[in-house]
Amino acid sequence: MNEVLLRSLTPSVLAVLVRRGADFSAAEDAVQDALVEALRVWPADPPRDAKGWLVTVAWRRFLDARRAEAARRRREDLVEEEPVPGPAPAVDDTLRLYFLCAHPSLTPSSAVALTLRAVGGLTTRQIAQAYLVPEATMAQRISRAKRTVSRVRLDRPGDVATVLRVLYLVFNEGYSGDLDLAAEAIRLTRQLAAVFDHPEVAGLLALMLLHHARRTARTAPDGSLIPLAEQDRARWDTALIAEGVAVLQTALARDRLGEYQAQAAIAALHADAPTAEETDWVQIVEWYDELTRLTDSPIVRLNRAVAVGEADGPRAGLAALAALDDTLPRHTAVAAYLHERDGDLATAARLYAEAARKASDLAERDHLTRQAARLNTYGKGNADTSLG
Amino acid sequence: MAKYLLLKHYRGAPAPANDVPMDQWTPEEISAHVQYMNDFAARLEKTGEFVGSQALAPEGAWVRYDGEGRPPVTDGPFAETKDVIAGWMVIDVDSYERAVELAGELSAAPGAGGKPIHEWLELRPFLGASPTVTECAHH
């Protein structure tokens, strides 16, 4: 049994312990101990019933911990409180766990860490390495999160948007260290889609699959970004695209549009174009209009301006951009791109350099710096030619 | 979930309100200051926001490449260098507002007379890794 399969058992094992009356926090610790033990023991001695093994070991760990805790309390002359079994769960246990770990009372970073551990079955060390913080810091972040949610009584699903936001955050973290967080986010979203039939869950899954399909084409061997228009489309993963499109079509057919479905639709239109020139920008602008209606996000309006620039020409894109707040992240980068398309290379070069100074991530900064350098090195000659 | 560097300067930052050099504090005031810094780091570890911190010696050397097959050149310290870093702390927080809040608390470390130094700390965001989902044409 590989590690991913082992981890996929985490939510159901945890649910068994909670059903038997263990409180969430102690049960989660016990399951984590059992997972670590499984990774140690199984390679040499694989169990016949993996889940049964995990439940047995985790339950034993839980009882040991409770006995130790009871002894400590007696020493402190405190009355031992027997854990009270919670009410019978009204929603599926796994689903319940997703909602608990993404509870709105948690900060985004706590919700992400707790989801990866309690639902994803990752160890604290793996999560700490992925987020580049010390293990002790991540352990504290997780135990605080558990304390916060241990006060939560969850007998019905909350707003699925909170769960989707957490999964989306994990996905966007990408690939860091030994852990492929994007793949982990896809696994968790797939698992959620299996227990919760909701068009936006499907929409997010489709969005992730369609973006993941382009991953290898998105970066050059030296780590630099390759813009969508310049990507080698032969390197896109057609199986992931086909799956993403199928998931999206089923979701859209239910006629309950949401922001993830709309974003996935845009990603699908890009995936569908055999070459960058054949991209259906008119339809993409229409989807951005839907997305604007659904979210009213300034970032969406910014991306819409780029699409308008492709559909109706750079002047139209610049006009759409003029209506937006110029302090938005990436506003300057979009302006630079549209000015370049419009042939104003001097302005474009200046704006690319300015956008690079404002960039909040390294690969993007380097990309924008390279764009400015390209125009400063070759652009003047080209501009002269086009004028002549 | 963003990392920030808090930089403490020996020299180069604007003058703080409680601007008495440390060697003119009482030993108790120095102990109180050190304790405050340690407590601050310990508290951030508990909230899951601590990444690392280190104090630096005030004097170092400048080093540069001096050509193929030659040892690097070391020089300095240069008197004209205005900016001297005293130490750093890296935090991992949910928002810029939280980073500012924490920098404000660190700046309240007690100095002469047991009163907050109001020291200016430099707050610098880390450049992150690029997000996976970007539908802009320039990506």
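Which residue of β6(B) is the bridge partner of Leu6(B)? Select Leu6(B) to begin, and the partner in β6(B) turns out to be Leu123(B). What you have open is a predicted model, in which local features need pLDDT of at least 70 and side-chain atom pairs count only at pLDDT 80 or more, while totals for chains, interfaces and linings use all residues. Residues are numbered from 1 along each chain as its sequence is written, with chains lettered from A and ligands numbered from 1 in the order in which they are written.

**The sheet of chain B**

Stay with Leu6(B), which also has a bridge partner in β5(B), namely Met89(B). Next, show the whole of strand β1 (residues 2-11) of chain B, which is joined to β6(B) by four bridges in an antiparallel arrangement and pairs with strand β5 (residues 84-93) of chain B, again in the antiparallel sense, over nine bridges. Strands here are DSSP runs of E of at least two residues and helices are runs of H or I of at least four, numbered from the N terminus; two strands pair if DSSP finds at least two bridges between them.

Moving on to β2(B), you find five bridges to β5(B), also in the antiparallel sense, and Ala55(B) standing opposite Gly87(B) in β5(B). Taken together, the four strands form an open sheet in the order β2-β5-β1-β6 (chain B) with antiparallel pairing, and its edge strands, each pairing on one side only, are β2 and β6 (122-125) of chain B. From one strand to the next the twist averages 20°.

**Where the chains touch**

Display both chains: 22 residues of chain B are in contact with 36 residues of chain A, contact being C-beta atoms, placed from the backbone, that lie within 7 Å. On the side of chain B, the elements that give two or more residues are α1 (27-46) and β2 (50-55).

**Helix pairs of chain A**

Now select helix α9 (residues 160-173) and helix α10 (residues 181-195) of chain A, whose axes come within 6 Å and cross at roughly 155°. Axes are lines fitted to C-alpha atoms, for helices over the stretch in contact, and angles run from 0 to 180 degrees between N-to-C directions. The two helices α9(A) and α10(A) are therefore roughly antiparallel, a term for angles over 145 degrees, just as roughly parallel applies under 35 degrees. Among the residues that make the contact are Leu167(A) and Phe171(A) of α9(A) and Leu188(A) and Leu192(A) of α10(A).

Continue to helix α16 (residues 298-312) and helix α18 (residues 331-341) of chain A, which pack at an angle of about 5° with their axes 10 Å apart, and which are thus roughly parallel. Here Leu302(A), Ala305(A), Val306(A) and Gly309(A) in α16(A) meet His331(A), Val334(A), Tyr337(A), Leu338(A) and Arg341(A) in α18(A).

Finish at Leu132(A), found in the loop between α7 (124-130) and α8 (135-150) of chain A. Leu132(A) has a positive phi of about 55° although it is not a glycine, and is partly exposed, with 14 other C-beta atoms within 10 Å.

Definitions and conventions: Parallel < 35°, antiparallel > 145°, perpendicular 65-115°, else oblique. Contact = placed C-beta atoms within 7 Å. Buried ≥ 20, exposed ≤ 12 C-beta atoms within 10 Å, placed from the backbone.
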